[in-house]
Amino acid sequence: MRRLGVSAWIYGDAPLEETLARIAAAGYDAVELPGEPDAWRPGEVRRLLARHGLTPVGLTASCAFPATRRDLAHPDPAVRADAVTYLVGCLRWAAEAGVPLVQMLPSGETRLAPVATEAEEWRWSVQGMQVAAREAERAGVRIAVEPLNRYEAYLVTTVAQALRYLDEVASRWVGLTLDLFHANIEEPDLPGAIAAAGARLWHVQLADTNRQGLGRGHLDLPACLAALDRIGYAGALVLEVMAPGPDPFRAVKDEGSSALVDAFLRESLARLRRLGAAR
């Protein structure tokens with residue numbers, strides 16, 4: 001059966017145990033953890049996950065630039081090296097914590113244009129990902145590249161670009177994440193994009209078109225689930241919803257945000273179950 005999970009970062013800076021408790025209380029059986037290897041010991045996280053009956057399905061590497069020096073495509077070789085070191089750290093931590101997959105962006109999040117040339121930055125990113133892919137094989141943890149929409153990144157925004165990127169990285173340890181919120185902005189045909197991704201699609205994140213709970217926007221969720229069935233997708237479906245507010249990059253907007261996210265999660269789970277998503 002497909003795991004139905006939640007990305008933990010949507011509860012902001014809340015203590016991890018509190019976040020895991022909310023995810024479990026909403027009825028989910030899986031979680032996508034924040035990619036901060038220095039924040040928690042792997043054994044401690046294993047115990048928390050067991051306590052709340054949650055399976056880890058992914059680790060989300062944070063590549064916000066310049067808030068962090070994590071950008072595989074940056075012209076500064078020191079920044080690129082820091083990004084590779086960070087990704088390697090995420091892979092090693094994931095292996096110890098029993099997390100099967102680490103998500104990584106090909107370029108820094110919120111950097112919307114090249115500083116050098118796009119061709120140079122593409123090449124630097126591919127080379128850095130190839131280095132990380134060798135560590136992924138040693139660790140036994142896969143890497144999934146996530147296209148973001150044009151308002152949050154620039155180098156890889158579509159499935160077609162992501163597949164070309166994977167071709168150049170040329171590692172069986174690097175595949176694709178598809179976030180339907182981002183894909184709804186960039187893909188003219190969402191089921192077609194899922195079909196194009198095929199067996200290289202390893203991880204799926206869900207939110208409606210307004211990034212709220214499923215059913216609160218105009219996402220054609222039945223068509224997307226049917227497309228996932230056609231390609232035999234057996235990975236997790238992970239909710240990445242957010243409370244509405246003026247800052248789209250801040251998870252918790254006010255004191256009512258967490259309770260509203262709780263409601264989004266419960267509504268979304270009920271809709272996924274009605275549609276038979278946990279196959």
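## Basis of the description

Residues are numbered from 1 along each chain as its sequence is written, and side-chain values use heavy atoms, with hydrogens and water left out. Because the model is predicted, local features need pLDDT of at least 70 and side-chain atom pairs count only at pLDDT 80 or more, while totals for chains, interfaces and linings use all residues.

## The aromatic pair and the arginines over rings

The structure holds one aromatic pair, where pairing requires the ring centres of Phe, Tyr or Trp (its six-membered ring) to lie within 6.5 Å, and planes under 30 degrees apart count as stacked, over 60 as edge-to-face and the rest as tilted. Trp 122 and Tyr 165 form this pair in the edge-to-face arrangement, at 5.5 Å centre to centre with 85° between the planes. Trp 122 belongs to helix H4 (residues 118-139) and Tyr 165 to helix H5 (residues 159-169), so the pair ties together parts that are 43 residues apart in sequence; helices here are DSSP runs of H or I with at least four residues, strands are runs of E with at least two, and both are numbered from the N terminus. Both Trp 122 and Tyr 165 are buried, a term that means under 20% relative accessible area, with exposed over 50% and partly exposed in between (1.4 Å probe, protein chains only).

Arg 164 lies over the face of Trp 122, at 3.9 Å from the ring centre, and Arg 142 lies over the face of Trp 202, at 4.1 Å from the ring centre. A charge sits over a ring if NZ of Lys or CZ of Arg is within 6 Å of the ring centre and within 35 degrees of the ring normal.

Glu 186, in helix H6 (residues 180-186), is buried, with a relative accessible area of 11%. Not counting residues up to four places away in sequence, Glu 186 touches Asn 149, Arg 150, Thr 157 and Thr 158, contact meaning heavy atoms within 4.5 Å.

In helix H7 (residues 190-197), the residues Leu 190, Ala 193, Ile 194 and Ala 197 are buried. They cover an arc of only 100° around the axis, which puts them on the same side of H7; the arc is that of the directions from the helix axis to the C-beta atoms. H7 is followed by Gly 198, whose phi is positive, near 55°.

## Strand E7 and its partners

Six of the six residues of E7 are buried, so this strand is largely enclosed by the rest of the structure. E6 and E7 run parallel and are joined by four bridges, and two strands pair if DSSP finds at least two bridges between them.
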